[in-house]
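Subject: Structure handover and what was found in it

Dear colleague,

Please find the structure below, with the sequence beside it.

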Amino acid sequence: MAPVVLRSIPKSLRVYIVNRNGSIYPLLSANSRETVRPLWISARCKSTPASASLVHEGDRIVATSPDDSVSRDPLDLTFSDHEAAFKSKTNLELLRAILVFQLCSVKPLVENNDKLMRLGKSILGKRLFGLLMKATFYGHFVGGEDQRKIQPVLERLRSFGVKSILDYSAEEDISHQQAEEREMKSCESEVAAQEKNRSKKYVPTRKFADRRYAVSSARTYFYVNEAQCEKNMETFLNCIDAVSDATHGTGFAAIKMTALGRPQLLMQLSEVIHRARLYFKEVTGKSGGNIISHDISRNAFEKRFREENILTDNEEVKTWLQNMTFDQKGLIHLFSWSGLIDTNILLQDLFKVPNLHSGKLERIISALTNEEEEMFRNMMRRLHTIFKYAKEKDVRVMVDAEQTYFQPAISRLTMELMKKYNQEKAIVFNTYQCYLKETYDNLRLDLEQCCRQNFYFGAKLVRGAYMEQERERAKYMNYEDPINPGFEATTEMYYKCLEKCIQQIKRHKADGDPTKVAVMVASHNEDTVRYTVSEMAKNGIHPLDKVICFGQLLGMCDHISLPLGQAGFSVYKYVPYGPVNEVLPYLSRRASENSSILEKLSKERTLLRREFTRRILKGQFMYSPKGNYRPIGAKT
């Protein structure tokens, strides 16, 4: 790996240093903000290859690699080295990036970008409009139109040490009214709507039916019918094929569960989890957090049932107790979620609990029709098809996070899919949105489940995409705001989650099983990336361990991604692809997202201009990028 420039690391970072005689002291004093000059960061661990280590070289930290034939560059942690950042771009690509970022800084253009693109398309026609977009926004933010045409982009990224996450980003461009109608139709159930005592959070409302509202960084799928879900599954399978063919065993694909089934079912399952916690509290008196966090044995339920005189000679209750998910440490789940994903058991048969007064089993899932039960089985079949194929192709798949009224079900199903498909390595990755108050607890307990049930854990850490929408919905429907109070609290949550994963990785490394936990730090924030690099060094985690990687969007923050890849860190670009006229909604979101981070945009635009000026002054008028880098984990 490569030298890491430390002289300009922000004082907010907490890095521990090992000096020449082996003693350890903090780069930052606990009682001071003064920086201590670093001598040497030790990163040699039991499971890291013997020929790979971090060594001191002047003011730099050098990570040596067993393969000296592969290029590795110094990493400037100020992310201000414009030559390193953009050596993968031609001069025309530099100019295009400067133009695109300049347009993104013009607020009226961004606010009306959707209308302007529609107008341009109607005036120029599809062909000319397509050429214009390829020369600007589409060319900058999108990899290409299909699996074949994205190959040059992927190969060039790879030659500069950067791997790819592929996502087919063609979207149906529907109106607000159409989105509302589709969502309400797909989230409402006639039989469920008649039930009382529904939790407000898990009831659909027309005001927030268009889930695109106030969301600029995430794609939204609206349910049409089961046939459309089948098409979405085929699209994801094609994406896995593209990843397998193009990324030499290093790529990811991304999916959303709302693309694969009726969203009403995810909402109802999320409410089941909420009701199960309430029932757990009623029986045991324990409240707060997931059931696994309380270390309660099955005996606690038996004792309470005997007190209520509902256990004696009640075969239904005895069978219910036997079907709980537990181990020697205690209860993991009230229900057999593994049984749910692997069998054709009906939701209404599984999600029942004994009434403490009558002893009869009662549903805690709102009513479902036979057709809706069949829809759930279809959703699970599609998920199994995707992950089974991904495992065969050795492609990892990230399950994207969604709104909080869907997310409990998405996370629960994802964890059970991990248990099934992550027996040999991390294939299934769950996404954790760190702007949510409960994220750390959820991550901690998911890690505990992985340890107790012995499967590999994959996590993608993000700040989150639905903050404004979630806050407004909570206020409107009068339930607790699920969002952290501010950016600082979200950053603290992000670091807390990252530290938890790193500590788990460190323990597994000490036990000789270093790849049991894998984490993607998906962030465009420079401080977050610097913090992660410092924590890796502090805890002896080398990039060659292949357990921590970074992720950014194509066309954004190249001054972070490319230097990381060229320095030998594991880094990914999220590469969308699809026909020009079908990715306009994606491009609209990218324009809006870039407008919202003007400070970062300004820095990258400045660096682009400096690099272009440098090349012109040096006479590099026909600069042709040539990379001799190999991404971490890439097959030759």
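Strands β13 and β14 pair in the parallel sense over 3 bridges, where two strands count as paired if DSSP finds at least two bridges between them. Helices (H or I, at least four residues) and strands (E, at least two) are DSSP runs, numbered from the N terminus.

Before going further, please note that this is a predicted model, in which local features need pLDDT of at least 70 and side-chain atom pairs count only at pLDDT 80 or more, while totals for chains, interfaces and linings use all residues. Residues are numbered from 1 along each chain as its sequence is written, and side-chain values use heavy atoms, with hydrogens and water left out.

The chain holds 23 helices and 18 strands. Of its 636 residues, 57% are buried, a word that here means under 20% relative accessible area, with exposed meaning over 50% and partly exposed in between (1.4 Å probe, protein chains only).

Which strands close into the barrel, and in what order? There are 8 of them, in the order β7-β8-β13-β14-β15-β16-β17-β18, and the pairing is parallel. Neighbouring strands of this sheet are turned by 30° against each other on average, direction ignored. Strand β7 (residues 163–168) is joined by 6 bridges to strand β18 (residues 571–577), and the two run parallel; here S164 has K573 of β18 as its bridge partner. Helix α17 packs on the sheet, where it touches β14 (428–433), β15 (457–462) and β16 (517–522), and its direction makes about 155° with that of β14. Helix α21 (residues 558–566) also packs on the sheet, touching β17 (548–553) and β18, with its direction at about 125° to that of β18.

The axes of helix α16 (residues 407–421) and helix α17 (residues 439–453) come within 11 Å and cross at roughly 25°, where axes are lines fitted to C-alpha atoms, for helices over the stretch in contact, and angles run from 0 to 180 degrees between N-to-C directions. That makes α16 roughly parallel to α17, since angles under 35 degrees count as roughly parallel, over 145 as roughly antiparallel, 65 to 115 as roughly perpendicular and the rest as oblique. This contact (heavy atoms within 4.5 Å) is made by R412, M415, E416 and K419 of α16 and by D446, Q449, C450 and Q453 of α17.

By comparison, the axes of helix α10 (residues 263–284) and helix α15 (residues 370–393) come within 10 Å and cross at roughly 95°, and these helices are therefore roughly perpendicular to each other. Their contact is made by Q264, L265, L266 and L269 of α10 and E372, M375, F376 and M379 of α15.

Is L265 buried or exposed? At 2% relative accessibility, L265 counts as buried. Leaving aside its neighbours within four places in sequence, L265 is in contact with L368, E372, M375, F376 and M379.
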